[in-house]
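Please read it beside the sequence and the structure.

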Amino acid sequence: MTEHGWSYPATSGYLTGADLTGYKVEAADGSVGKVDEHTHEAGDAFLVVDTGVWIFGKEVLLPAGTVTRVDPEDRKIYVDRTKEQIKDAPEFIRATHLADVQYREEIGIYYGIGGPFGGGRSV
């Protein structure tokens, strides 16, 4: 069975309803920032990560399916993408993209996981 790219993988250790705000986010090759906001809605879960000075104070949106592990003790989230993949993702603008399903479909295509709400292909 495959899991949907917009849901936290069952093996990640994420507990539904857990507050991940403020957790550090670690890409495959280093730190990318901290969680500013997150959702845990089935089939439409994601993280909004504040990258700080790493990419000039921008925010990025990461689908929950990119999460490989949640470490509540160290308050870290590990994702299966590189810093460059995250940096090169379609630009995230909170005011217009947070509730924009079309933008999330674009993100899903970029990360190869499909659109939210069961759209596209699953991983």
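**Note on the predicted model**

1. His97 counts as buried, at 14% relative accessibility (buried means under 20% relative accessible area, exposed over 50% and partly exposed in between, with a 1.4 Å probe and protein chains only). His97 lies in helix H2 (helices are DSSP runs of H or I with at least four residues, strands are runs of E with at least two, and both are numbered from the N terminus). With neighbours within four places in sequence left aside, His97 is in contact with Glu91, Phe92, Tyr103 and Arg104 (contact means heavy atoms within 4.5 Å).

2. On provenance, this is a predicted model, in which local features need pLDDT of at least 70 and side-chain atom pairs count only at pLDDT 80 or more, while totals for chains, interfaces and linings use all residues. Residues are numbered from 1 along each chain as its sequence is written, and side-chain values use heavy atoms, with hydrogens and water left out.

3. Tyr8 is buried at 11% relative accessibility, and Tyr14 is buried at 11%. Phe92 and Tyr103 form a tilted pair, with 5.9 Å from centre to centre and 45 degrees between the planes. Phe92 lies in the loop between helix H1 (83-87) and H2, and Tyr103 lies in helix H3, so this pair ties together parts that are 11 residues apart in sequence. Phe92 is buried with a relative accessible area of 8%, and Tyr103 is buried with 3%.

4. What is the strand order of the open sheet? Its 6 strands run in the order S4-S3-S2-S1-S6-S5, and the pairing is mixed (two strands pair if DSSP finds at least two bridges between them). Strand S4 (59-63) and strand S5 (67-71) are the edge strands, each pairing on one side only. From one strand to the next the twist averages 35 degrees (axes are lines fitted to C-alpha atoms, for helices over the stretch in contact, and angles run from 0 to 180 degrees between N-to-C directions). Helix H3 (residues 101-111) lies across strand S3 (46-50) and S4, and runs at about 70 degrees to S4.

5. Strand S1 (residues 24-27) and S2 are antiparallel over 4 bridges and form a hairpin with 2 residues between them; Lys24 stands opposite Lys34 in S2. S2 and S3 likewise pair in the antiparallel sense over 4 bridges, with Glu37 opposite Val48 in S3. S5 is joined to strand S6 (residues 76-79) by 4 bridges, and these strands run antiparallel.

6. The structure holds 6 salt bridges (a side-chain nitrogen of Lys or Arg within 4 Å of a carboxyl oxygen of Asp or Glu). Arg94 forms one with Glu37, the closest N and O atoms being 2.5 Å apart. Arg94 lies in helix H2 (residues 94-97) and Glu37 in strand S2 (residues 30-38), so the pair ties together parts that are 57 residues apart in sequence. Arg94 is partly exposed at 28% relative accessible area, as is Glu37 at 26%. A network of salt bridges links Asp36, Glu37, Glu59 and Arg94.

7. Which residue forms a salt bridge with Asp44? The partner is Arg104, with the closest N and O atoms 2.5 Å apart. Arg104 lies in helix H3 and Asp44 in the loop between S2 and S3, so parts that are 60 residues apart in sequence are tied together. Arg104 counts as buried at 5% relative accessibility, and Asp44 counts as buried at 4%.

8. Arg69 takes part in several features. Tyr78 in S6 is the bridge partner of Arg69. The charged end of Arg69 also sits over the ring of Tyr78, 4.1 Å from its centre (NZ of Lys or CZ of Arg must be within 6 Å of the ring centre and within 35 degrees of the ring normal). Asp71 and Arg69 meet in a salt bridge at 3.7 Å, N to O. Asp71 is buried with a relative accessible area of 14%, whereas Arg69 is partly exposed with 39%.

How values were computed: Phe/Tyr/Trp six-rings, centres within 6.5 Å; stacked < 30°, edge-to-face > 60°.
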